[in-house]
Amino acid sequence: MDNDVSAGSGITTVVGRLALGVTLLAFGLGYTDVIDGVTVADAVSIAQYVGGIALFVAGLMALRDRDAAAGTAYVALGAFWFTWAVSADASVSDNAAGLFLLLFGLVALSLTLAGGDQLGQGAYGLFFVSLVLLAIGRFADNDGLAKVGGWFAVAAGAVAWYAATAALAHWPTALPRRAAGRGVTATG
């Protein structure tokens, strides 16, 4: 039974990271203006269905498999993406939009500080920076900050995608620890 649970958790983690990665890439690229004619509004469908619904369901599956960390992360992020997508056409003030991004930035910060593997922490940390920059950009009506925030979202999406792909392809998922070298004292 334990083997089934860990295998299920591994699959839900891969699915969740793929969903998060694809959504972050679409969202971030929309803010960067790097692809002619592609804006953040073009990411709404991906955010609603892949980032919102699929990520939320992956979170429920992870919780069912007793993977509280991944389950909590994916449910919370699924709620973020779904809410962002369904309210994308709503007329809200820049301050309200900035507050929304900042509040979910705190969620991303919590996920970063909660621990876990290096790739997960990296993706959540980059997403946190992205959301803070996007929030400040909305508060200050600064498109330059939004563009930089978009690039951080792209980086977060690339890390999440790599984490999922690495798990499937058995690529490295952690940086090797360096042995104590010259002038460094190892204690233990």
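Residues are numbered from 1 along each chain as its sequence is written, and side-chain values use heavy atoms, with hydrogens and water left out. Because the model is predicted, local features need pLDDT of at least 70 and side-chain atom pairs count only at pLDDT 80 or more, while totals for chains, interfaces and linings use all residues.

I start with empty space. Rolling a probe the size of a water molecule over the atoms shows where empty space is left. On a 1 Å grid over the protein atoms alone, a cavity is a set of points where a 1.4 Å probe fits but cannot get out; a pocket is an open set with protein on both sides within 12 Å along at least five of seven lines; and lining residues have an atom within 4 Å of a point. Grid points are joined across faces, edges and corners, and a volume is the space filled by probe spheres set on the points.

How many cavities of 30 Å³ or more does a search of the whole structure find? The search finds one, and about 40 Å³ of space lies in the largest cavity. Its lining includes Arg17, Leu20, Tyr74 and Tyr124. Helices here are DSSP runs (H or I, at least four residues), numbered from the N terminus. Of these, α5 (118–140) gives the most to the cavity lining, with four residues.

Next, the pockets. The largest pocket has a volume of about 560 Å³. It is lined by 24 residues, and Tyr31, Val40, Trp84, Ala97 and Arg138 lie nearest its centre. The largest share of that lining, five residues, comes from α4. The second largest pocket holds about 250 Å³ of space. Among the 15 residues lining that second pocket, Ala69, Ala70, Gly115, Gly116 and Tyr124 are the closest to its centre. Here α3 supplies the largest share, four residues.

Last, the helix pair. Two packed helices are described by the angle between their axes and the distance between the axes. Axes are lines fitted to C-alpha atoms, for helices over the stretch in contact, and angles run from 0 to 180 degrees between N-to-C directions. How do α4 (residues 94–113) and α5 pack, and at what angle? The angle is about 165 degrees, with the axes of α4 and α5 8 Å apart. That makes α4 roughly antiparallel to α5 (the term applies to angles over 145 degrees).

Conventions
Helix = DSSP H or I, 4+ residues; strand = E, 2+ residues; numbered from the N terminus. Parallel < 35°, antiparallel > 145°, perpendicular 65-115°, else oblique.
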